[in-house]
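Here is a short briefing on one structure. Read it alongside the sequence and the coordinates.

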Amino acid sequence: MQADAVAAALVHAHRSEWAFVLSATVRVAGDLDVAEECAQEAYVSALQAWTRDGVPERPGAWLTTAARNKALDRLRREVTLRRKLPLLVEPATVDPHDPADPADPDWPDAAVPDDRLRLVFTCCHPALAPEARIALTLRLVCGVPTPDVARAFLVSEPTMAARITRAKKKISQARIPYRVPGRAELPERLDSVLTAVLLLFSTGHTAGEGDALVREELCDRALYLARTLAALLPEQAETRGLLGLLLLTDARRAARTAEQGRLLLLADQDRTRWDQRAILEGLTVTAGALASGPPGRFTLQAAIAGVHAMAPSVEQTDWPRVVHLYDRLMAVWNTPVVALNRAAAVAFADGPADALPLLDELATDPRLADYPYLPATRADLLRRLGDAAGAAQSYRRALELTVNAAERAFLEQRLAEVSRAAGADSAPG
């Protein structure tokens, strides 16, 4: 029983405290790779210590102290090595007592006051490719598993693992220091930071694996970071756009599942269970972002979420406006996922028959070859058109690509429904 309790506590601490532990440790280590190793070692040490002494009242504080101590031990060993082997190492380029040294745990930094957000900005270094910055941030800072990061980028897990490894090697080989950017440097990193926070929220909003549809701790973490960004850079409209998008999307959290975690689509949700306070705040924040000038991709997505939030039902949704907003979004952010979402909106605005050719075109995009929502969308359109056999085929393909238990249960239910309909249609009269 004690071992089970410790294991459960460690799993929870990894999900909820990893970012805090890593960000606190990297300020001591001054090196992202070393900090990650020390944080991992702290979790290993916790398994033995907590089994012996019991789980501490504040697991995160225990892990942070352990990881920082391991980083300090490494720094002391390096100092000792430099003293004993002065001819074999280059002289230090940073005075260890320099008050501006970011390895100093008491180093003040007014530009980014939050430890986790500070590390996000640091990982989004302009020397790295944009996708590498975001992937590294999700994996290291946010603790998102590599398979989920890969799904977010529509690539295979080995491809994403190699991409993250290359990014870490580049940081080491190019000697990119752990240095928090000054306020003037934040805007050039902002788009990558906003993207990382949005993808963090997305991996929590619909979990890639497991029984639960939502990983609430990831959604809450993303919302916290979005709020902090909006407060830190209020002059940047896209920070408010991101916050509005997350608030309006997360407002539906309680209504997205029924008993036993059964998935409910937008059309089936009880809208009285939507968080009206979050919707009001989200609409207010989004309106402010829209009034600040030509909207960017985060603000446009927030505007789309706002149309859904204000609609009394799916049937009464202003679908032509949703399609129009997707057209504007495609003009600034033309991705296959956006195009797929636009096709789904066209199906409601103009009918499923008008959306099917759009899906045929998207099916030729290799980036969507293993994207489960493409065949799932096709299956729904065919079901609505009365093509039960075609819908069943597409539902089977979607099931092959889906790993989340709640989504699989929904698809299996729909597959059973259309299969019965297809059987009835083929039965002799």
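Helix α7 gives the largest share of the lining of the largest cavity, three residues. This is a predicted model: local features need pLDDT of at least 70, side-chain atom pairs count only at pLDDT 80 or more, and totals for chains, interfaces and linings use all residues. Residues are numbered from 1 along each chain as its sequence is written, and side-chain values use heavy atoms, with hydrogens and water left out.

**Cavity**
- A search of the whole structure turns up one cavity of 30 Å³ or more. A cavity here is a set of points, on a 1 Å grid over the protein atoms alone, where a 1.4 Å probe fits but cannot get out; lining residues have an atom within 4 Å of a point.
- The largest cavity holds about 60 Å³ of space. Volume is the space filled by probe spheres set on the points, which are joined across faces, edges and corners.
- Its lining consists of Asp31, Leu32, Asp33, Leu140, Lys168, Ile171 and Ser172.
- Both α2 (32–53) and α7 (157–173) supply at least two residues of that lining.

**Whole chain**
- The protein chain has 18 helices and zero strands. These are DSSP runs numbered from the N terminus: helices are H or I, at least four residues, and strands are E, at least two.
- Of its 429 residues, 49% count as buried. Buried means under 20% relative accessible area, exposed over 50%, partly exposed in between (1.4 Å probe, protein chains only).
- Take contacts between residues at least 6 apart in sequence: 65% join residues at least 24 apart. Contact means heavy atoms within 4.5 Å.

**Nonpolar core**
- The largest nonpolar core has 128 residues. Such a core is a set of buried Ala, Val, Leu, Ile, Met, Phe, Trp, Tyr and Cys residues joined through side-chain atoms within 4.5 Å.
- Leu117, Phe121, Leu136 and Leu246 have the most contacts inside it.
- Leaving out residues up to four places away in sequence, Leu117 touches Val112, Val193, Leu225, Thr228, Leu229 and Leu232.

**Leu199**
- Leu199 sits in helix α8 (residues 186–205). It is buried, with a relative accessible area of 15%.
- Beyond four places in sequence, Leu199 touches Ile134, Leu138, Ala152 and Phe153.
- Leu218 is 19 residues from Leu199 in sequence, and their C-alpha atoms are 9.9 Å apart.

**Helix α16**
- The buried residues of α16 are Leu374, Pro375, Ala376, Thr377, Ala379, Asp380, Leu381 and Leu382.
- Just after α16, Gly386 takes a positive phi of about 90°.

How values were computed
1 Å grid on protein atoms, 1.4 Å probe; cavity = no way out; pocket = protein on both sides within 12 Å on 5 of 7 lines; lining within 4 Å.
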